[in-house]
Amino acid sequence: MLHASVEETGRPGGVSELLMSLINHRRGLKIPQISYASTAPELSDDRRYDFFSRVVPPDSFQAQAMVDIVKAMGWNYVSTVASEGSYGEKGVDAFMQLSREAGGICIALTLKIPHNRKPPDFDKTIHLLKSNEKARAVILFASDEDIRGILNATKRAQAVGHFLWIGSDSWGSKNSPIYQLEDCCCGSYYHSAKKGNH
């Protein structure tokens, strides 16, 4: 069994990306693999990943929960921000697909944070989000580091309280993304998978 954690790979999605590479390598050996952290939707393909199982739901479940929150709040205009890579981009893709199916949700902006990001990239993201006054709600499928970058840029832009963040499990599963940035998160929602008692 492969044992890798989000902390070991440095970002959510990193676990899924690492596993997909290893699964493809080990598939011919018919070695079963179980993951407690891989949420990439493509890992649900039983034909491609027939010796893989996971104990967490795919990102599409998070995306559905985000659509449900947007609908329940009566918001009809939102933006999305994704970390570059499987986790962020596939998560936002799932949200966009599910929001089209649900109807009544318009996507104002779809922004991507590059792998080789720098503070000005986050500042630009916040500037673009602020420029669209109608879409204060922002769907965020991003890594820990990118969440911190976005929240720090929000502070620099004096936009604390302006956005209504709806974060994925990378936000909800630990404190590190928002540590000492809690004031930027007021009014936010985030997804967190329920953990069992051990």
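User: Why is Tyr87 counted as buried?

Analyst: In this predicted model, Tyr87 has a relative accessibility of 4%.

User: Which other residues of H4 are buried?

Analyst: Besides Tyr87, the buried residues of H4 include Ser86, Gly88, Val92, Phe95, Met96 and Leu98.

User: What makes the span of H4 close to the one expected?

Analyst: Helix H4 covers residues 86–102, which is 17 residues. From its first C-alpha to its last it reaches 24 Å, and 24 Å is also the span expected at 1.5 Å a residue. Just after H4, Gly103 takes a positive phi of about 75 degrees.

User: Why is the pair of Tyr87 and Phe141 called edge-to-face?

Analyst: Two aromatic pairs are counted in the model. In the pair of Tyr87 and Phe141, the centres are 5.8 Å apart and the planes make an angle of 65 degrees. Rings pair if their centres lie within 6.5 Å, and planes over 60 degrees apart count as edge-to-face; the pair is therefore edge-to-face.

User: What parts does this pair tie together?

Analyst: Tyr87 lies in helix H4 and Phe141 in strand E5 (residues 137–141), so the pair ties together parts that are 54 residues apart in sequence. Phe141 is also buried, with a relative accessible area of 0%.

User: Why is the pair of Phe163 and Trp165 called tilted?

Analyst: The ring centres of Phe163 and Trp165 are 5.0 Å apart, with 40 degrees between the planes. Stacked requires under 30 degrees and edge-to-face over 60, so at 40 degrees this pair is tilted. Both Phe163 and Trp165 are buried.

Conventions. Residues are numbered from 1 along each chain as its sequence is written. This is a predicted model: local features need pLDDT of at least 70, side-chain atom pairs count only at pLDDT 80 or more; totals for chains, interfaces and linings use all residues. Side-chain values use heavy atoms; hydrogens and water are left out. Helices (H or I, at least four residues) and strands (E, at least two) are DSSP runs, numbered from the N terminus. The expected span of a helix is 1.5 Å times one less than its number of residues. Buried means under 20% relative accessible area, exposed over 50%, partly exposed in between (1.4 Å probe, protein chains only). Rings of Phe, Tyr and Trp (its six-membered ring) pair if their centres lie within 6.5 Å; planes under 30 degrees apart count as stacked, over 60 as edge-to-face and the rest as tilted.
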